[in-house]
Amino acid sequence: MGIDIQQLGKSFGPQPVLRGIDLAIKDRELVALLGPSGSGKTTLLRILAGLEWPDSGNVTVNGQDWLDQPPQTRGVGLVFQHYALFEHMTIAENIAFGLRVRDRARRPANDVILAKVEELLDLMELGGLGKRYPAQLSGGQRQRVALARALAIEPHVLLLDEPFGALDARVRRDLRRWLRGLHDRLGMTTVFVTHDQEEALEIADRIVILNEGRIEQEGTAEEIYDHPASPFVQRFLGGVNEVPIRLLAGRIGVDGIEAGVLKRMAVANDNATLFIRPRDIDVAPNPNGSATIQTVSFLGDRARLDLAFDGDTTVIEAELDRDQLRTDKLGRGQRVQLTARQGRLYDDAAL
Amino acid sequence: MGTNLFYLTLIVLLPITALILKTTDAGLARFWEVITSPRALASFEVTIGAALLATAFSSVYGLLMAWILTRYRFPGRALLDALMDIPFALPTAVAGIALTALFAGNGWFGQYLEPAGFKVAYTLTGVAVAMAFTSVPFVVRTVQPVIEELRLEVEESAATLGAWQWQTFRRIIYPAIFPAHLAGCTMAFARSLGEFGAVIFIAGNLPFETEISALLIFIRLEEYDYPAAAAIAVVLLAVAFFTLLTTNAIQSWRLKRVVKD
Ligand SMILES: Nc1ncnc2c1ncn2[C@@H]1O[C@H](COP(=O)(O)OP(=O)(O)OP(=O)(O)O)[C@@H](O)[C@H]1O
Ligand SMILES: [Mg+2]
């Protein structure tokens, strides 16, 4: 089911939380809502679930107004970060809940419910745990129970609020791939909220970046990564060097970094900042270079260098292959020359 | 642990042992005769019957008050919250006199209730009213913190799964507060069994009709018939003890199902 969100606005007291959200989510799309804490992700999700109502705007699903429907009739599957399982019920009863509370006309027969529960337990790789209580499961298992419970009502829309937030890195990675597979198999429309940009980039069809109640950018992972629409997005996507520029005869330069390839970028004045990703900086050993390697940190196959200029407190981060460390014999204290391969220029007024 | 046991012995077990020993002074035959005398039996019936009535009321009213106090924000909420403890703080005799004044034929409530056919003062209902008044805070105060701890997200999950409010209450909320509610009701019941001060003013204390066991104990004491007083007391004790044991059993059975082993 496609979800059409128009001009959604919401305030809590005097504080605006959503400020005119426009978003069209396509049928069977997996959309990630990404944004810093307090940007309104949960609020948006709760409005979609019917747990919160907006002050203004519309939500239509398949052309039908959704805002005049209570959560009970929307048929959405909702999963919270902290599972919110029914602690006094067995896993099987948790999963069956949504079917058991249906009115007689729509409630499946008991054996149909039990079969459905078994099917979901298998699907979630929870076989044999049906008789346990939530307190007897691990975090990852509980999260899958929460998902199974939400899926039991065969929702057309699945809403997940930081579903893997409370899990350790490995379990998260496994679960999110598995979620992607599940989404594809069941043919739902899925919206999931996350803090974790890596998670969003990895599994979402489309990423929506929220900032202070507005959509900062939306697009595929490539679009967002290769063409960040604003300094906010670029910062949010992680570790970026921000260096002030100089204007030399209409061409830009950066102290201590060779930026020859960037010279054709157009700027009106030098009130601008260059954003360079650590991976876009070349590091070459050079006794007359302007920078010194301060620290070397290992990131698996890659390494991160913290670099400093003489008489300057700015630290530049560069990322390169560990192989290069070895061939160029790069190490702490070594003098190097930095070259920026690419970067983006933002007017200081926009920062 | 050792210290705990010592205090338990000193404060709880010692008096109970003394009480039971006292009843044996006069022998088992006499014990049986006392507790099966028509007047004593009638007093048990009044006491237990009224305590059950009072507990039934407290269980509903107390739950409702606890719910209102935790789930709604309204002007005067803090005051209402504080008022809940009044029955604890008030000397029970004062409560008894106040209730009698309210429910007597010419009292604020009595003047409307009696013409309508509800006689409260000097009836079993009056006994139950006094018991309910002094015991309702047990229910409110045991249930309230548990309701406060319920996570809204759990109820919201139930709503998105299609459960309407009453279904959520019956299937999710009540089972979660049930152990506390049961504990509160048990305490209310036990307290009602022993309530003396608040009851005797409003009860009228007619033997065979509105005379509670606690009063009968008192009367026997005044007659220096200590074994008879102790015998009646032992029965009250046994009822209270049995109630506590039963509810404990129910709770541990429930707990075993929910808590990690
Ligand atoms: N029920 C509420 N009452 C008052 N303010 C609220 C309420 N819910 C959310 N807010 C406020 O709205 C803002 C956005 O909250 P929201 O939970 O949507 O953020 P979020 O993007 O989900 O953040 P996080 O990543 O930390 O979960 C926050 O400033 C929060 O304090
Ligand atoms: Mg949130």
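How many residues does the contact take from chain A and from chain B?

## The A–B contact

Chain A puts in 27 residues and chain B 21, with contact meaning heavy atoms within 4.5 Å. This is a predicted model, so local features need pLDDT of at least 70 and side-chain atom pairs pLDDT 80 or more, while totals for chains, interfaces and linings use all residues. Residues are numbered from 1 along each chain as its sequence is written, chains are lettered from A and ligands numbered from 1 in the order written, and side-chain values use heavy atoms, leaving out hydrogens and water.

About 2,300 Å² is buried between the two chains, 61% of it from carbon and sulfur atoms; buried area is the accessible area (1.4 Å probe) that two parts lose on being put together, summed over both. Gln72(A), His88(A) and Val101(A) supply 27% of what chain A buries against chain B, more than any other three residues.

Arg46(A) pairs up with Glu156(B), with the closest N and O atoms 2.7 Å apart.

## Around ligand 1

Ligand 1 has 13 residues around it, the closest being Ser37(A), Gly38(A), Lys41(A), Thr42(A) and Thr43(A); a residue counts if one of its heavy atoms lies within 4 Å. A polar side-chain atom of Thr42(A) sits 2.6 Å from a ligand 1 oxygen atom. Backbone N or O atoms also come in, at 3.0 Å for Gly40(A) and 3.2 Å for Ser39(A).

How values were computed:
A polar contact is a pair of N or O atoms within 3.5 Å; within protein, one must be able to donate a hydrogen and the other to accept it, and residues adjacent in sequence count only if both atoms are side-chain atoms. A salt bridge is a side-chain nitrogen of Lys or Arg within 4 Å of a carboxyl oxygen of Asp or Glu.
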